[in-house]
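Please have the coordinates open while reading.

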Amino acid sequence: MIKPTHHIFVCGSFRPTGAQGVCHKKESSALLQYFEQEAADRGLDGVMVSSTGCMKLCDHGPVVVIYPQGTWYGKVDEDAADAILDAIENDTVAEEFLIPS
Ligand code: FES
């Protein structure tokens, strides 16, 4: 594995109590697998995908964060994942899926 150029964090809703929240209930684990498969299909060797604990923006779930850009996306589905990967490839931002600040 090479050092990633982009790290996609998909909220897995993990909490210290063991409870799982909104993003998990909205199929974020399947979303993580979709990101991994699609990144591989696109040959994005520098993209790593990881699951996280609750990122405390549950109302926007499923939540996805891209580093090093620090871009936060909400209500991410497969269409949004495609747009996010397009943005990574083109060094842009998938504006329509950004969580409002
Ligand atoms: S469960 Fe995903 S942000 Fe809280």
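In which loop does P62 lie? P62 sits in the loop between β2 (47–53) and β3 (64–67). The model is predicted, and the points below are grouped by topic.

**Cis peptide bonds**

- G61 and P62 are joined by a cis peptide bond, with omega at about -5°.
- A cis peptide bond also runs from Y67 to P68, where omega is near 15°.
- P68 belongs to the loop between β3 and β4 (71–73).

- S13 is not a glycine, yet its phi is positive, near 70°.
- S13 is part of strand β1 (residues 6–14).
- S13 counts as buried because it has 24 C-beta neighbours inside 10 Å, and 20 or more are needed for that label.
- D91, likewise not a glycine, has a positive phi of about 55°.
- D91 is located in the segment after α3 (78–90).
- With 8 C-beta neighbours inside 10 Å, D91 counts as exposed, since the limit for that label is 12 or fewer.

**Surroundings of F14**

- F14 is in strand β1.
- F14 has 16 C-beta neighbours inside 10 Å and therefore counts as partly exposed.
- Leaving aside residues up to four places away in sequence, F14 touches Q20, G53 and C54.
- F14 and M55 are 41 residues apart along the chain, and their C-alpha atoms are separated by 9.2 Å.

**Helix α2**

- Helix α2 (residues 28–41) has 14 residues, which at 1.5 Å a residue should span 20 Å; the end C-alpha atoms are 20 Å apart, so the two values agree. The expected span takes 1.5 Å times one less than the number of residues.
- The buried residues in α2 are S28, L31, L32, F35 and A39. Viewed down the axis of α2, the buried residues fall within an arc of 105°, so they line one face of the helix.
- An α-helix has 3.6 residues a turn, so residues three or four places apart point the same way.
- The exposed residues A30, Q37, A40 and D41 are carried on the face of α2 turned away from its buried side.
- The cover over the buried residues of α2 includes β1, α1 (22–25), β2 and α3.
- G43 follows α2 and has a positive phi, near 70°.

Definitions and conventions. Residues numbered from 1 in each chain as written. Predicted model: local features only at pLDDT ≥ 70, side-chain atom pairs only at ≥ 80, totals over all residues. Helix = DSSP H or I, 4+ residues; strand = E, 2+ residues; numbered from the N terminus. Contact = placed C-beta atoms within 7 Å. Arc of directions from axis to C-beta.
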